[in-house]
Amino acid sequence: MPKLGESITEAAIITWFKNVGDSIEEDEMLLEVATDKVDSEVPSNVSGTIRDILFEPNDVIKIGDTIALIESDGKSTAKGSKPSQQNQQKPEKKTKKRAQPKHPAQPVANQKTQTFSVSKSNTFFSPLILSIAKEHHISYEELARIPATGNEGRLRKSDVFNYIEDGRPYKFAQSVAPQDSTAYRIPQLSFDKGKGKIIEMDRMRQMIADHMVYSKHTSPHVTAYVEADLTHMVNWRNANKKAFQEKYGEKLTFTPLFIEAVAKAIKDFPNINASVDGKNIIVKEDINIGMATALPSGNLIVPVVHNADNKDLLDLAKTVNELAIRARENNLKADDISGSTFTISNVGTFGSVMGTPIINQPEVAILALGIIKKRPEVIETENGDEIAIRSMMYLSLSFDHRVVDGFLGGSFVRRVADYFEQFDVNRKI
C-alpha cells in the first residue's frame, strides 16, 4: 500500500481492477482505495502477472503493507528500487480471526444490569474508528465504553474489533457515573419523517454529514459579522483581468485576491491559525488556506493552498485555478486536500448574502464571504457626506469559542475587511 498523503496511515480497499492470473503493465491501475479524505486509484509499480491478492474489498490496510503479489517479467522495477529479502517472502494471508485481548472482558449473565466506567480521555474518535462503528451500528455512547489501549487513552482499530469479537459486552451497559441533575438530556422524540423518494447517501455525503455533526458537537460556534467596501478591488480586477490572462495565461478570479488578504490578516493574528489538542492550543507555523469547493455531484470538498503567505498573486492564481479544475474533474490527490489550517467559504458564489459556516475540524475558525452587491452607501468626501454606488460584501467568521474569544475573532475579521477596502488600485500585474 503506497503512501497516499500527509498524515494518512491507513486506507480501505474499494475494488480491485485485476484478478489473480491477470497480466498488468507498469503504471496500469491495480485497485481503488479510500481514506478519510479522498478516494484514489493505485497503479502497479511493475509489469507482470498477478499471483495473489491478499486482501478483500472493504479491508482496512496500513500504509506499507503488502496487498498483492506480482510475478515480474524482469523488465521493470518498483521505482528503481530492489526488493528486500523480506518482501521476496510471501506474506501470510489475512485471516478474519483476530487476536484476543490480553484481558478479555468477562461476559455478564444479565446485560441489563452490567455497568462500566468511561475514561475521560476516550472521547475523540478518528474517522477510521467512526467508519468501523457505522458499519457495525455502534453508537458514540457504546464507543465510549470500549477499553482503549492507544496513546493517551485513544481508541484503536484493534480495540474495536476485539470488542466486537467478544460479543459487544457493553452494548447495553449502564454508566456508573453520577447523574448531574442540571445536565441537559436529549429528549426521546419521535418525528414523522414523511413519505417521498428515498435517496441513499453516497460515501462522501456520509463523511461530510459525520464531519459536520462532529464539528458542531465539539466546538461551541460563535459567528461575527462585518461588511466591507470592495469597490477598489472590484474595479482593479475588472480593469486588469483580461491583461492578466493575456500575460500569464491564467484567469484572475476574486479567490486569489481573497486568499492573499486572509493570509496577511492571519500573520497579524496568528492565534486564529490554530487547532486544539485536549488542553493545548497548537498555533500553526504554516499558513495553509482551504477553500470550500462544490463538486459536480453536489458534495463539498476543501482543496488547500499550501503556504499561501509565501505566494505572490500569480502563484496564488495558478494554484487556485489548478485545484478548481482538479475538483471539477474529480481528480484531486490526497495532498491537495490535507494540511489546511484555516478555511474560507465563498457562499456569494451561490448568490447568498452571508452565511454561518461550520468550522472545518480541527481548525478553530472559518470565514464565509457573501455576494458582492452594488448598493447606495453614504461616504465621506471633501465636500461632506455623499451617497455613492459601492460594491459591498458581508463577511462572517465562525470561531471556536473554547480558544478564540470575541476580541480575537472580531479583530481578525475586521482586519480582513480592512485589507479588502485598502486594496491598491495602482497595483501592477
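Is His137 buried or exposed? His137 is exposed, with a relative accessible area of 69% (exposed means over 50%, buried under 20% and partly exposed in between, using a 1.4 Å probe and protein chains only). Before the views, a word on the model: it's predicted, so local features need pLDDT of at least 70, side-chain atom pairs count only at pLDDT 80 or more, and totals for chains, interfaces and linings use all residues. Residues are numbered from 1 along each chain as its sequence is written, and side-chain values use heavy atoms, with hydrogens and water left out.

**View 1. His137 sits in the loop between α2 (127-135) and α3 (140-145).** Its phi is near 60°, a positive value in a residue other than glycine. Helices here are DSSP runs of H or I with at least four residues, and strands are runs of E with at least two, numbered from the N terminus.

**View 2. Asn330 is found in the loop between α8 and β17.** Asn330 isn't a glycine, yet its phi is positive, at about 55°. Asn330 is exposed too, with a relative accessible area of 66%.

**View 3. Helix α7 (residues 254-268) packs with helix α8 (residues 313-328).** The angle is about 125° and the axes are 9 Å apart (axes are lines fitted to C-alpha atoms over the stretch in contact, and angles run from 0 to 180 degrees between N-to-C directions).

**View 4. A cis peptide bond links Gln361 and Pro362.** Omega is about 5° here. Pro362 belongs to the loop between β17 (342-345) and β18 (365-369).
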